[in-house]
Amino acid sequence: MTVKDLNTTEYNSYYGPYIKKLPENLALIDGFTEGLDNVLQFFHSVPSEKLEYRYAEGKWSVKEVFQHIIDTERVFMYRCFRIARHDKTPLPGFNQDDYIMPSQAHKKSMATLLLEYSSVRKNSITLLNSLSNEDLKFVGTASENTLSARAAAFIILGHEIWHIDVIKTHYL
């Protein structure tokens, strides 16, 4: 299952920029395993003096952006799981800004964030490996919009690339 298999009717257009970050021939599991290594390498390379940096008033620090990537993967993998299990219950949205302050990302070491990311990603890979292609094609509702299980998973991959690009452009 690759990005080119996705139909734009499987997700809200809001997520289109994330999907567009992905190569069309990217296989789902490959994206998650390659992403694990790429994200870990990237955040290992961020200079320690940049971890608390904010490029503008009210913007998140690098550590908070990393925490946001982790939290978003948790939320979207939960959506993927529920939808892949053919749960038709509409899933609520989440306000990403409400998650940052209680996360206490600024108090976490980079080693802790790297471990947290790695653990979440490995869990995501395990879940995805347990799902059939038919289950991943199942469509449900999240944030009052149509979402397939596979779209939820691909969005995670594009989302982390999006934010790494933002860090490279505005923080480093």
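The lining of the largest pocket divides into seven nonpolar, four polar and two charged residues; here Ala, Val, Leu, Ile, Met, Phe, Trp, Tyr, Cys and Pro count as nonpolar, Asp, Glu, Lys and Arg as charged, and the others, Gly among them, as polar. A pocket is an open set of points on a 1 Å grid over the protein atoms alone, where a 1.4 Å probe fits, with protein on both sides within 12 Å along at least five of seven lines; lining residues have an atom within 4 Å of a point.

This is a predicted model, in which local features need pLDDT of at least 70, side-chain atom pairs count only at pLDDT 80 or more, and totals for chains, interfaces and linings use all residues. Residues are numbered from 1 along each chain as its sequence is written, and side-chain values use heavy atoms, without hydrogens and water.

About 240 Å³ of space lies in the largest pocket, a volume being the space filled by probe spheres set on the points, which are joined across faces, edges and corners. Of its 13 lining residues, Lys 59, Trp 60, Val 65, Gln 96 and His 163 are the closest to the centre. Two or more lining residues come from each of H3, helix H4 (96-103) and H7; helices are DSSP runs (H or I, at least four residues), numbered from the N terminus.

Now look at the second largest pocket, with about 200 Å³ of space. Among its 14 lining residues, Gly 31, Gly 35, Asn 38, Glu 160 and Ile 161 lie nearest its centre. H2 gives the largest share of this lining, seven residues.
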